[in-house]
Amino acid sequence: MTIASAALLLFLILDPLGNIPVFLSLLKGLPPARQRRILVRELLIALGVLMLFLWGGQYALELMHLRQESVSIAGGIVLFLIGLRMIFPSPHGLMGDLPDGEPFIVPMAIPMIAGPSGMAAVMLLGSQEPARMGDWMLALTIAWVATAVILFSATYLQKWLGTRALTAIERLMGMVIVAISVQMLLDGIASYLQAAA
C-alpha cells in the first residue's frame, strides 16, 4: 500500500464530511471562538489516540496473543457496519443519542474522528509493515490535516453544498467504505487460510 492510498483510506474512515452535521449540532450553542478551540482540542486528542494505536498496536496484539488476520477480519467487520450505517442511517444518527453540554473527548474525538475502524486500520497498518512506520505516520497526518480543514470549514460547506449534498456524499463514502471493508475481510481470511495450510 502506498502512502497516498493509505492516506485516502484513513481519510474515508475519518469521514469528515459525514461528521459535519453532527459537529455543527454539538457546537451550535457556543460562540465561534469557543467552537474553534474545542475543535482544535478534539482533533489533537483524536490524532494522539490514532498515533498511540499506530505505534502501540503491534505490542497490544502481541500482549493479547492476537494474529494480524484477526485484526484484519475484525476491522473489516467494524468498517462494514459503519459503512452500512452511513448508507442507511438510523433516525438517531450515526452515533445514536449524543450527550448534552460542551463535548470533551466523547463523542467528537472518540468515536467520531478516532473511531473503532480508524483505530483498527492504523493498528493494522503498523502491525503489517512496522518497517514503514514513518510512511504510516505521514499518511495519518495527511488524512488528519484534510479532516481538520474540512471540519474547520463545516459552516461554509454546509451553506455552500447544502444538507442534501452532504448526505449524498456521506452515502457515497459509505459505499466506498463497505467495499474497502469487504477487501479487508477477504484479505484477512485469505491470510488465515494461507497460514493454516
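This is a predicted model: local features need pLDDT of at least 70, side-chain atom pairs count only at pLDDT 80 or more; totals for chains, interfaces and linings use all residues.
Colleague: Okay, backbone angles then. Is the phi of aspartate 15 positive or negative?

Modeller: As a rule, most residues other than glycine have a negative phi. Aspartate 15 has a positive one, near 50°. Look for Asp15 in the loop between helix H1 (3–14) and H2.

Colleague: And peptide bonds? Is the one from valine 106 to proline 107 cis or trans?

Modeller: In general, most peptide bonds are trans. The bond from Val106 to Pro107 is cis, with omega near 0°. Proline 107 sits in the loop between H4 and helix H5 (108–113). There's also a cis bond joining isoleucine 110 and proline 111, with omega about 10°, and Pro111 is in helix H5.

Colleague: Now helix packing. At what angle do the axes of H2 and H7 cross?

Modeller: Axes are lines fitted to C-alpha atoms, for helices over the stretch in contact, with angles from 0 to 180 degrees between N-to-C directions. The axes of H2 (residues 16–27) and H7 (residues 133–152) cross at roughly 35° and come within 9 Å.

Colleague: Which residues of H2 and H7 make the contact?

Modeller: Contact means heavy atoms within 4.5 Å. H2 brings Pro16, Leu17, Asn19, Ile20 and Phe23, while H7 brings Thr147, Ile150 and Leu151.

Colleague: How many of the contact residues are nonpolar, polar or charged?

Modeller: Ala, Val, Leu, Ile, Met, Phe, Trp, Tyr, Cys and Pro count as nonpolar, Asp, Glu, Lys and Arg as charged, and the others, Gly among them, as polar. The contact of H2 with H7 has six nonpolar residues, two polar and no charged ones.

Methods. Residues are numbered from 1 along each chain as its sequence is written. Side-chain values use heavy atoms; hydrogens and water are left out. Helices (H or I, at least four residues) and strands (E, at least two) are DSSP runs, numbered from the N terminus.
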